Amino acid sequence: MIFGQWMMLSSSGLTDSRRSRGASIARLYNDLAYLWPIISPPGEYGDEAAFFGDVVQELLGPERHSLLELGVGGGHNLSHLTSDFNCVAVDLSPEMTSLSERLNPGVEHHVGDMRDIRLERVFDAVLVHDAVSYLLTVQDLEETFGTAAAHLRPGGVLMVAPDWVQETFPDGWVYEWDREQEGITVNIEEVMEDPDPSDTQVESTYTYTITKDGETTVEVDTHVTGLFPINAWIELMEDAGFEVEVRPLPPNEGGYGSWLFIGIAGQGASG
Ligand SMILES: C[S@@+](CC[C@H](N)C(=O)[O-])C[C@H]1O[C@@H](n2cnc3c(N)ncnc32)[C@H](O)[C@@H]1O
């Protein structure tokens, strides 16, 4: 499907019909948030975080820059950046924000939506890592790029790293892994599907088999995420005033890892 058709889908309201503002927090970021540090531990984010840090320092110079992460989650990625950057973090989920506050105690945190939060100040860099995958519509992307533009000084760097782009989405993919921490063992099975290829959304159904103190429970959690072609990311970032460059990301532990969309804020940015 070409990008023009995605735009038509969005303006016809088809993709928006399944979207519900504020109701999209998956169980993993809510009642099951305690699982996050077990199933996706901070140590697994080192390579990607180093890549993001290197991009900022390559483009802006080696000094200590300010960096805003939108959708910080448990702060696992951010924990590798706090020694080199002055960081501020935002996430929609109070539970995930608390996890990140514990892991990154010196960092200012805000509970908020990346589509409309306004901190009324600017940064040298804005990072929207895997949380950007939870944006479901063209309007969500437009609003989030608007947030990024509002928080960057002219020449500042936006980095956007979706888990998948339409060109590489592995429909029907099943991935299984095990993790253990402090006496809790978790087996995770993830099934990724695109139930309706005519919209911009896909689904990942996670089954967590949790064993603690000899007792096993099973929890199921469906995440609805967005899927857009590479050109959509580029064109929407350009529309928001960014000069865009695309680089491949290093593959990460889960087999994810697609592209990093880098935007340089124009002179008209909010700074
Ligand atoms: C995969 S987790 C991020 C994990 C993070 N990279 C880490 O290192 O721990 C995705 C996060 O996106 C957040 N999120 C989803 N939609 C959001 C939105 N509209 N605004 C802000 N955060 C959002 C969720 O609450 C969740 O914490």
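Select residues 8–20 to begin. In this predicted model, the pLDDT stays under 50 over that stretch, yet residues 8–20 have 19 contacts beyond four places in sequence. Where pLDDT is low, the predicted coordinates should not be read in detail.

Now colour the whole chain by pLDDT. The average is 90, and 87% of the residues score at least 70. Residues 1–6 have a pLDDT below 50, with 10 contacts in the model beyond near neighbours in sequence.

**The whole chain**

Switch to a cartoon view. The chain has six helices and 11 strands. Of its 271 residues, 40% are buried. Take the contacts between residues at least 6 apart in sequence: 66% of these join residues at least 24 apart.

**The largest nonpolar core**

Select Leu67, Val126, Leu158 and Met159. Within the largest nonpolar core, which has 55 residues, these four touch the most other members. To see which elements contribute, highlight helices H3 (46–60), H5 (138–150) and H6 (230–239), then strands E1 (66–70), E2 (86–91), E4 (123–128), E5 (152–160) and E11 (259–265); each of them supplies at least two residues of this core. H5 gives the most, with six residues. In soluble globular proteins, nonpolar side chains tend to be buried together.

Centre on Val126. Apart from neighbours within four places in sequence, Val126 is in contact with Leu68, Leu70, Ala148, His151, Leu152 and Leu158. There is also a second, separate core of 11 residues, and Tyr29, Ala33, Trp36 and Tyr208 are among them.

**Leu127 in strand E4**

Move to Leu127, which lies in strand E4. Is Leu127 buried or exposed? Leu127 counts as buried because it has 31 C-beta neighbours inside 10 Å, where 20 or more are required. Not counting residues up to four places away in sequence, Leu127 touches Phe52, Leu67, Glu69 and Met159.

**Helix H4**

Select residues 94–103, which form helix H4, and pick out the buried ones: Met96, Thr97, Leu99 and Ser100. Looking down the axis of H4, you will find the buried residues within an arc of 160 degrees, so they line one face of the helix. Pro94 and Arg102, on the other side of H4, are exposed.

**Helix H6**

Next, select Ala232, Trp233, Leu236 and Met237, which are buried in H6. These residues are on the same side of H6 because they cover an arc of only 120 degrees around the axis. Step on to Gly241, which follows H6 and has a positive phi, near 100 degrees.

**Two loop residues with positive phi**

Go to the loop between strand E3 (108–111) and E4, where Glu120 is found. Glu120 is not a glycine, but its phi is positive, about 60 degrees. Glu120 counts as exposed because it has 7 C-beta neighbours inside 10 Å, and the limit for exposed is 12 or fewer.

Then find the loop between strand E8 (201–212) and strand E9 (215–226), which holds Asp213. Asp213, also not a glycine, has a positive phi of about 50 degrees. With 6 other C-beta atoms within 10 Å, Asp213 is exposed.

**Last stop: Pro248**

Finish in strand E10 (residues 242–248), at Pro248. Pro248 is exposed, having 10 other C-beta atoms within 10 Å. Which distance separates the C-alpha atoms of Pro248 and Ser258? The two residues are 10 apart along the chain, and their C-alpha atoms are separated by 6.1 Å.

Definitions and conventions
Residues are numbered from 1 along each chain as its sequence is written. This is a predicted model: local features need pLDDT of at least 70, side-chain atom pairs count only at pLDDT 80 or more; totals for chains, interfaces and linings use all residues. A nonpolar core is a set of buried Ala, Val, Leu, Ile, Met, Phe, Trp, Tyr and Cys residues joined through C-beta atoms within 7 Å. Helices (H or I, at least four residues) and strands (E, at least two) are DSSP runs, numbered from the N terminus. Two residues are in contact if their C-beta atoms, placed from the backbone, lie within 7 Å. The arc is that of the directions from the helix axis to the C-beta atoms. pLDDT is the predictor's confidence in each residue, from 0 to 100.
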